[in-house]
Amino acid sequence: MTSQKPLPVPILFLLLIFFLAACSPGEEATPAASDGKLNVVATTSIIGDVVANVGDDLIDLTVLMPAGTDPHSFEPSPQQIAALSDADTVFVNGFDLEQTLMPVLDSAVSPDKIVAVSDGVEPIEFGGRDAEAGEHGQRYDPHVWMDPNNVIIWTQNIEDALSKADPDHEDAYHQNAEAYREQLQALDAWIQAQITPLLPLKVVTDHKVFGYFARRYGIEQVGAIIPSHSALAQPSAQEIAQLEDVIKQLGVNAILVGNTVNPNLAKRVAEDTGVQLIPIYTGSLSGPDGPASTYLDFMRYNVNAIVQAAQR
Ligand SMILES: [Zn+2]
């Protein structure tokens, strides 16, 4: 075919008609649309789980980031970018969590389809070195899901967006969201009961992921290996030395290291200071067979890890 002369235009046109006729009736060229369900995209696995709780089997859900992905630096594949044009609604975190993904989303999806689930969350503002990161567009700590009360706000935003896009199922979305919000309230009460007796509790994290958890439950995030709200930054040798001094002076309970960053630097700091290194989940759920495959399990796993670290 390639070495032959090009086909005359009318024949190409007929072939095209034939091709379209062959695929359109029975076979589904666009399966997501043909089952009548909303075609919904979520960026992170954590957002995806919350959206799934509200949308249940009324939506077709695609989660862009696989388990274990760092949300700050994720870049979608060309296939994922192409599939985005079929989306009815795209749920993103907001507060510029998806630093490298958002420019792609903004050019592939019309702005009225993009919903920031964190809209209405009272943000934690940057300070210190993070103010420098602010020059690149980040003003607020994006790790809002570390407080289940913020995820209650997510469920309201998700319920509202799904109901607007698919008003026929408004009641079902509302019931699903209400049931899930009750579980989030129970989670919040459980965390409070676990953490409060252990206070004061001082932790160091790989990057500053515990701001909202600290604000809600009263633990102290005394420092981070990467002194930033984004895992994209790199610490200097001097910053590491200062952090090790702080850890030794303050008597830190644990260094918490998430599943989406390279742990080598944190391991070195743990060895230098003699503080235990505790693996937790931060920017992503575990895989489906792991111990943190839902948001609720993710939070329970992290809290249990902190409790065990504090009791050692
Ligand atoms: Zn992060």
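**Strands, helices and a loop**

Reader: What joins strand β7 to β8?
Author: This is a predicted model. In it, β7 (residues 254–257) and β8 run parallel and are joined by three bridges.

Reader: And which residue stands opposite proline 279 in β8?
Author: That's valine 257.

Reader: OK, zooming out. What's the strand order in that open sheet?
Author: The order is β6-β5-β7-β8, four strands with parallel pairing. β6 (220–224) and β8 (277–279) stand at the edges with a single partner strand each, so one side of each has no neighbour in the sheet.

Reader: How much twist from one strand to the next?
Author: The twist averages 35°.

Reader: Which strands does helix α10 touch?
Author: Helix α10 (residues 237–250) packs on the sheet and touches β5 (202–205), β6 and β7. Its direction makes about 150° with that of β6.

Reader: And α12, what does that one touch?
Author: Helix α12 (residues 295–311) packs on the sheet too, touching β7 and β8. The angle between its direction and that of β8 is about 160°.

Reader: Switching topic: where does threonine 43 lie?
Author: In the loop between β1 (38–42) and α3 (45–55).

Reader: Is threonine 43 buried or exposed?
Author: Threonine 43 counts as buried because its relative accessible area is 0%, and the cut-off for buried is under 20%.

Reader: So what is threonine 43 in contact with, leaving aside neighbours within four places in sequence?
Author: Its contacts include Val63, Leu64, Met65, Phe91 and Val92. Asn93, Glu98, Leu101 and Leu105 are also among them.

Terms used
Residues numbered from 1 in each chain as written. Predicted model: local features only at pLDDT ≥ 70, side-chain atom pairs only at ≥ 80, totals over all residues. Heavy atoms only, no water. Pairing = 2+ DSSP bridges. Helix = DSSP H or I, 4+ residues; strand = E, 2+ residues; numbered from the N terminus. Axes fitted to C-alpha atoms, helices over the stretch in contact; angles between N-to-C directions. Contact = heavy atoms within 4.5 Å. Buried < 20%, exposed > 50% of the residue type's maximum accessible area, 1.4 Å probe, protein only.
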